[in-house]
Amino acid sequence: MASASPAPTPVLEARGLVKRYGHVTALDGADFQLLPGEILAVIGDNGAGKSTLIKALSGALVPDEGEIRLDGQPIRFHSPLDARRAGIETVYQDLAVAPAMTIAENLFLGRELRRPGLVGRLLGMLDRRRMLEQAKGHMEGLKIGIRSMRQAVETLSGGQRQGVAVARSAAFARHVVIMDEPTAALGVKEGNMVLELIRRVRDRGLPVILISHNMPHVFEVADRIHVARLGKRCAVLDPKRISMSDTVAVMTGAKRPEELPPEALA
Amino acid sequence: MTTPSTAAAPAHDRPWRRIADRLPPITTIGPLLALLAAGTFFAVRTDRFLAGQNFSLILQQVMEVGVIAIGQTLVILTAGIDLSCGMVMALGSIVMTKFAVDLGLAPWLAIPAGIGASTAFGYLNGALITFVRLPPFIVTLGTLNIAFAITQIYSDAQTVSGLPGALNLFGQTFRLGSTEVTYGVVLMLLLYALTWFVLHQTGVGRHVYALGNNAEAARLMGIPTQRLLRGVYTVAGAIYGVAGLLLVARTGVGDPQAGQTDNLDSITAVVLGGTSLFGGRGQILGSLVGALIVGVFRNGLTLMGVPSVYQILITGILVILAVATDRLSRARG
Amino acid sequence: MAKLNRVLLGLLVLAAAIAAAAADKPIIGLITKTDTNPFFVKMKQGAEKAAAATGAKVMSAAGKFDGDNATQVTAIENMTTAGAKTILITPSDTKAIVPAIAKAREKGVMVIALDTPTDPQSATDALFATDNFKAGVLIGQYAKAAMAGKPARIATLDLAPGITVGQLRHDGFLQGFGIKEGDPAIVCSADTRGDRAKGQTAMENCLQKAPDLNVVYTINEPAAAGAYQALKAAGKATGVLIVSVDGGCPGVKAIQAGTLAATSQQYPLKMADMGVRAGVEYAKSGKKASGYVDTGVTLITDRPVSGVESKDSKFGLANCWGG
């Protein structure tokens with residue numbers, strides 16, 4: 001790609017990832033780059049290695065070969081916890097929220113704030129007031145309009161629940177937010193609401209990896225599109241310079257990246 | 001552009017709904033109301049109910065099931081169940097008393113030994129459930145029989161009497177106004193308060209609720225779910241051991257036949273108290289209320305001279321009501 | 001799991017039968033409700049002692065809990081196959097066991113019920129049992145005489161709704177005392193399930209209702225022990241007369257200690273002994289036992305009253321069960 005300024009260091013990068021399950025090769029030397037301040041959509045047909053790639057990047061599995069770099073430094077993840085500690089948060093497809101618990105409780109699930117001083121350290125007493133305040137702050141920061149942080153998550157609509165999950169990852173992520181099919185279960189209005197949320201997360205300086213089957217949504221928010229095919233990175237496309245149908249064609253293999261005009265590549 | 005809170009808006013705008021949202025849910029208030037209603041009913045129908053001494057008695061009578069219900073509540077909150085509770089308690093009480101009487105161990109050694117035996121069984125339950133991945137119902141059905149058999153064999157099916165005074169410590173009383181209150185009741189109330197604190201004011205407590213509500217979410221959020229589950233069953237075992245100590249103090253003997261209906265009785269108390277059998281929802285204090293409801297009915301009906309078969313009938317109806325209220329309140333919310 | 005138990009049980013019984021058949025001893029099966037209740041432990045001891053004395057072989061089995069019908073059915077089938085000609089059984093479920101008993105009897109096996117009759121009683125060849133009604137009558141008569149004309153205020157601590165044994169003893173007590181159900185002398189009734197702690201609770205509640213009660217009928221000795229504990233805590237240990245049924249050794253010791261006034265002693269050993277001898281007779285001469293044989297009940301007390309025959313605790317200890 002032609003560019004006047006020097007290429008920025010990718011926030012998250014992978015080279016030559018390989019993952020085999022017995023005879024099946026899920027990742028066959030896959031590459032990946034996430035640039036700062038962008039929304040990168042990852043698309044791919046079933047069996048293209050898309051979910052395996054994401055699992056490797058979020059620490060859910062360990063690749064057999066290849067290297068991953070975070071902010072230019074090589075890094076190894078042995079569990080999702082490692083990835084989280086490194087500042088990579090994931091919004092899972094089923095949201096991973098406890099429906100009976102409140103928004104504030106879910107936001108801080110596993111990372112509860114303790115009261116200062118002896119009470120907090122010795123007894124482990126929770127600082128609920130601070131958690132409520134911070135939860136409110138996080139939700140307002142993403143302009144999600146829910147009145148009370150004391151509401152149980154199960155009383156919220158699908159889009160609002162998605163908002164809680166997104167706010168949770170945005171609150172704790174330091175480098176990357178991964179979102180797995182965030183609009184899949186939502187209707188038109190709420191889907192658009194979530195897209196707006198994704199934009200706001202990016203605007204706060206957190207790059208987003210967006211996995212989605214929904215082409216219109218991808219084209220609405222993505223800055224670049226990573227196409228996975230046959231366990232590799234097939235191409236990276238610029239949604240402003242390529243049509244949806246051509247993108248799908250590349251994804252399915254009907255069109256090869258070489259056949260595309262050079263400006264379509266990102 | 002502010003994202004409007006859309007789908008939930010119409011229902012939440014109704015004024016009565018806003019007030020209802022601020023009150024504790026029906027599953028929390030319901031049992032307390034039922035207890036107060038029952039108490040009022042009996043106070044009116046018999047003049048011997050409303051007395052400090054009678055209330056002290058009722059508290060002593062619900063002590064066994066009441067303390068066991070603490071452990072059972074913790075287990076049920078994780079969407080599990082513990083059928084072995086009564087037998088584990090009996091085992092602890094036999095170990096405790098036989099060590100004191102037969103082996104001549106000092107009470108401050110015998111008591112921890114007994115509680116330790118119960119705790120070990122709790123750990124066994126947790127280990128089988130997490131390492132071998134067996135369903136709690138099946139596991140505790142098996143350990144219930146194992147604990148029972150060990151208790152019978154070790155005690156030769158004989159009650160252990162002639163206990164040193166220290167084992168009866170929690171049966172001693174002190175005066176509160178004109179009423180005699182036993183230390184055992186005070187210990188039970190303290191245990192409930194402690195458990196309430198851990199469940200509601202600490203991270204571990206929140207994790208227990210999360211584990212029962214959505215175990216996968218808890219795991220993904222970095223909560224060590226398997227370790228936590230083992231911990232819950234182990235703590236429950238320890239609590240059953242304490243129940244054994246309190247029972248020994250109350251009855252003055254180690255009874256190998258004790259506790260045989262405690263599993264169903266404790267589950268009844270937990271359900272009556274508004275805790276959901278599906279896990280993740282409920283109040284620990286509700287279990288105390290649930291145990292008290294049963295105790296109040298038993299005491300009140302006896303005072304009224306009503307045959308005890310009606311006590312059984314009423315308990316059954318209340319359990320159905322409690323579970324139905326839980327389901328209906330969630331369907332609405 | 002149940003299938004494995006059945007297979008194991010069958011193999012054990014078969015092995016015992018082969019051994020017995022080889023020695024040409026009559027095989028007698030004993031099936032109790034559980035094998036942890038001291039009552040049944042004594043029964044088994046009595047059966048084995050009688051078998052040793054008469055040259056018979058005893059096969060035993062027990063349910064896992066009171067009410068476990070399935071294990072008893074399996075035991076009947078296995079023992080029949082293994083050549084038992086007589087089966088002694090304390091039925092856990094008095095109705096549900098009847099078909100299995102009928103099948104065994106069709107094959108020529110003599111079935112005798114011990115301690116608890118089947119429903120109907122005629123489903124077994126014979127019944128060797130305590131007359132539970134009489135057991136209640138004895139202690140009722142004793143209580144009436146011991147009160148010596150003082151107005152009685154009676155509390156009955158019963159078993160649980162619907163269980164025959166509890167009902168028989170309760171009704172027997174009332175008749176022995178000379179009153180009917182609903183008599184104003186009965187100031188309180190509560191259930192104990194035969195459990196010590198529940199007996200204590202029941203006594204506490206009854207004391208709350210009628211603090212001046214002076215006679216307590218209890219369904220069995222564990223319940224009586226619990227009742228005593230409650231009376232002691234209320235400071236009423238000496239002023240209240242407690243009576244019970246069982247005659248287990250702990251209960252007789254309570255008579256000695258003065259914490260129980262009188263108890264009707266029953267004889268599980270005698271039931272088993274008679275059962276084994278009847279089985280040997282059947283194997284020898286083909287003559288079956290029949291009808292109901294009262295295995296006896298004796299009033300045990302250290303404070304005898306005139307007009308009611310009784311034996312003292314020394315006799316009681318010599319004949320008690322449950323160590």
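User: Of the two pairs of chains that touch, which has the most contacts?

Analyst: That's chains A and B. Keep in mind that this is a predicted model.

User: OK, how many residues of each are in contact?

Analyst: On chain A, 30 residues are in contact with 25 residues of chain B. Helix 2 (80-85) and helix 7 (188-203) of chain A are the elements giving two or more residues to the chain A side.

User: And how do the residues on that side of chain A divide by type?

Analyst: There are 17 nonpolar ones, along with six polar and seven charged.

User: What about chains A and C, how far apart are their nearest C-alpha atoms?

Analyst: 37 Å, and those two chains do not touch.

User: Switching to chain B. At what angle do helix 6 and helix 7 of chain B pack?

Analyst: Helix 6 (residues 85-101) and helix 7 (residues 107-130) of chain B pack at about 155°, and their axes are 8 Å apart. Angles over 145 degrees count as roughly antiparallel, so that is what helix 6 of chain B is to helix 7 of chain B.

User: Left-handed or right-handed crossing?

Analyst: Right-handed, as helix 6 of chain B passes helix 7 of chain B.

User: Which residues make the contact?

Analyst: From helix 6 of chain B, they include V88(B), L91(B), G92(B), V95(B) and F99(B). Helix 7 of chain B brings, among others, A110(B), G114(B), A117(B), S118(B) and F121(B). By type, the contact residues of these two helices come to 14 nonpolar and five polar, with no charged.

User: Now chain C. In what order do the six strands of the open sheet run?

Analyst: 2-1-3-4-5-11, with parallel pairing. From one strand to the next, the twist averages 20°.

User: Which strands stand at the edges?

Analyst: Strand 2 (57-62) and strand 11 (291-294) of chain C. Each has a single partner strand, so one side of each has no neighbour in the sheet.

User: How many bridges are there between strand 1 and strand 2 of chain C?

Analyst: Six, in the parallel sense, with strand 1 of chain C covering residues 27-32. For instance, I28(C) has V58(C) in strand 2 of chain C as its bridge partner.

User: Last one: which strands does helix 3 of chain C lie across?

Analyst: Helix 3 (residues 69-81) of chain C lies across strand 1, strand 2 and strand 3 (86-89) of chain C. Relative to strand 1 of chain C, helix 3 of chain C runs at about 175°.

Terms used:
Residues are numbered from 1 along each chain as its sequence is written. Chains are lettered from A and ligands numbered from 1 in the order in which they are written. This is a predicted model: local features need pLDDT of at least 70, side-chain atom pairs count only at pLDDT 80 or more; totals for chains, interfaces and linings use all residues. Two residues are in contact if their C-beta atoms, placed from the backbone, lie within 7 Å. Helices (H or I, at least four residues) and strands (E, at least two) are DSSP runs, numbered from the N terminus. Ala, Val, Leu, Ile, Met, Phe, Trp, Tyr, Cys and Pro count as nonpolar, Asp, Glu, Lys and Arg as charged, and the others, Gly among them, as polar. Two strands pair if DSSP finds at least two bridges between them. Axes are lines fitted to C-alpha atoms, for helices over the stretch in contact, and angles run from 0 to 180 degrees between N-to-C directions. Angles under 35 degrees count as roughly parallel, over 145 as roughly antiparallel, 65 to 115 as roughly perpendicular and the rest as oblique. A crossing is left-handed if the near helix is turned anticlockwise from the far one by less than a right angle, and right-handed if clockwise.
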